[in-house]
Amino acid sequence: MANFVEATSQHQFDDFLSKAGRNLTVVHFQATWAHQCGQMNEVMAELAKEHTHATFVKLEAEAVPEVSEKHEITSVPTFLFFRGKEQVDRLDGANAPELTKKVKRLAASGSPSGGAESPVVDLNQRLKKLINAAPCMLFMKGSSQEPRCGFSRQIIAILSQHNIQFSSFDILSDEEVRQGLKTFSNWPTYPQLYVNGELVGGLDIVKELAESGELANTCPKAQSLEHRLKTLINQSPVMLFMKGNKEAAKCGFSRQTLSILNNTGVAYDTFDILQDEEVRQGLKTFSNWPTYPQLYVKGELVGGLDIIKELEENGELVSTLKAES
């Protein structure tokens, strides 16, 4: 089809972006040896039929290294979203539902007949959900285990020293959130700390609160590990504890599990155990299950990859995920 094409050189890649103008261009950085890339190309083909004004491009990441390096492609599949030559979003990993969601939202925002306000409303709703994802939410560069700027590293140290329980979001992983939250909160820099959905401020404010002794009263104290694990397990009806996240699995077992769950169409959330050593070690004892990934439904352990495969083969996986008797 005319709007699903392949770029085999940087010149072709640039040409496709130029010809698309302000219409959406979705670029799939792929590898022929990765079976999930083939699956995602099938999804791309269906999306191309639905969104005829958008351009869908597949590009062999290793064959066009100058493009891959420029856009910091470190794994496949990775999807970049462009208007003209400006990157507007990114998706790492084989996540068909999320790819479909992003294409629909971005295609609507650029369509002449699309509602001009709906993308902003969708983004604001997403930001509100993220801000309220935990009682104390830190938006930062990197993760709590691996901060990627000095300011983020300092604020992590302060919160840890004061035994503050918090969750974090890596703004480097999502350009839409990174730019949108600055407008939403009217706060132009990162990190940003929120408590109960309300902006506290950045590093300077947190330093002032710590020095005045008010930080402990502003932010929730750390919970016991058991209480925290129970809270995480019940964070969503279907919770997967894995290495990496939906967008970028960091081990083969986790990648296989994501593929199986995505094919069910049942919504689920994930927790990256590589970002939290306390949870990684504690959950193995709590659940009496020594390996990852671990899948929970309504707070109850289902098991790991082998059990998930058995349930799929027996036709029982969907009913298990939906907690049907």
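1. Is Thr78 buried or exposed? Thr78 is buried, since its relative accessible area is 0%; buried here means under 20% relative accessible area, exposed over 50%, and partly exposed in between, with a 1.4 Å probe and protein chains only. The residue sits in strand β4. Helices (H or I, at least four residues) and strands (E, at least two) are DSSP runs, numbered from the N terminus.

2. A word on the basis of these notes. This is a predicted model, in which local features need pLDDT of at least 70 and side-chain atom pairs count only at pLDDT 80 or more, while totals for chains, interfaces and linings use all residues. Residues are numbered from 1 along each chain as its sequence is written, and side-chain values use heavy atoms, with hydrogens and water left out.

3. Staying with Thr78, its side chain reaches the backbone oxygen of Ser75 at 2.7 Å. Beyond its neighbours within four places in sequence, Thr78 is in contact (heavy atoms within 4.5 Å) with Val27, His28, Phe29, Ile73, Arg90, Leu91 and Asp92.

4. Now to the sheet that holds β4. Five strands make up this open sheet, in the order β1-β3-β2-β4-β5, with mixed pairing; two strands pair if DSSP finds at least two bridges between them. The edges are taken by β1 (4-7) and β5 (86-92), each with a single partner strand, so one side of each has no neighbour in the sheet. From one strand to the next, the twist averages 25 degrees; axes are lines fitted to C-alpha atoms, for helices over the stretch in contact, and angles run from 0 to 180 degrees between N-to-C directions.

5. Within that sheet, six bridges pair strand β2 (residues 24-30) with strand β4 (residues 78-83) in the antiparallel sense.

6. Helix α1 (residues 10-20) lies across β1, β2, β3 (55-60) and β4, and runs at about 145 degrees to β1. Helix α2 (residues 35-50) also lies across β1, β2, β3 and β4, and its direction is at about 165 degrees to β2.

7. Another open sheet has four strands in the order β11-β10-β12-β13, again with mixed pairing. Here β11 (269-272) and β13 (300-303) stand at the edges with a single partner strand each, so one side of each is left without a neighbour in the sheet. The twist averages 30 degrees from one strand to the next. Strand β12 (residues 294-297) and β13 run antiparallel and are joined by three bridges, and Leu295 has Gly303 in β13 as its bridge partner.

8. Which helices pack here? Helix α11 (residues 252-264) lies across β10 (238-242), β11 and β12, at about 160 degrees to β10. Helix α12 (residues 277-287) packs on the sheet and touches β10, β11, β12 and β13, with its direction at about 65 degrees to that of β12.

9. On to charges. Side chains of opposite charge can pair when their charged atoms come close. With a salt bridge taken as a side-chain nitrogen of Lys or Arg within 4 Å of a carboxyl oxygen of Asp or Glu, the count comes to eleven salt bridges.

10. Asp89 and Lys102 form one of them, at 3.0 Å from N to O. This pair links distant parts of the chain, with Asp89 in strand β5 and Lys102 in helix α4 (residues 96-110), 13 residues apart. Asp89 counts as buried at 1% relative accessibility, and Lys102 counts as buried at 4%.

11. Glu176 and Arg105 also meet in a salt bridge, at 2.4 Å from N to O. Because Glu176 lies in helix α7 (residues 175-185) and Arg105 in helix α4, the pair ties together parts that are 71 residues apart in sequence. Glu176 is buried at 13% relative accessible area, and Arg105 is buried at 15%. A network of salt bridges links Asp89, Lys102, Arg105, Arg126, Asp174 and Glu176.

12. Finally, Glu226 and Lys230 form a salt bridge at 3.3 Å, N to O. Both lie in helix α10 (residues 225-233), four residues apart, about one turn of the helix. Glu226 is partly exposed at 47% relative accessible area, and Lys230 is partly exposed at 41%.

Conventions:
Polar contact = N/O pair within 3.5 Å; in protein donor to acceptor, adjacent residues only side chain to side chain.
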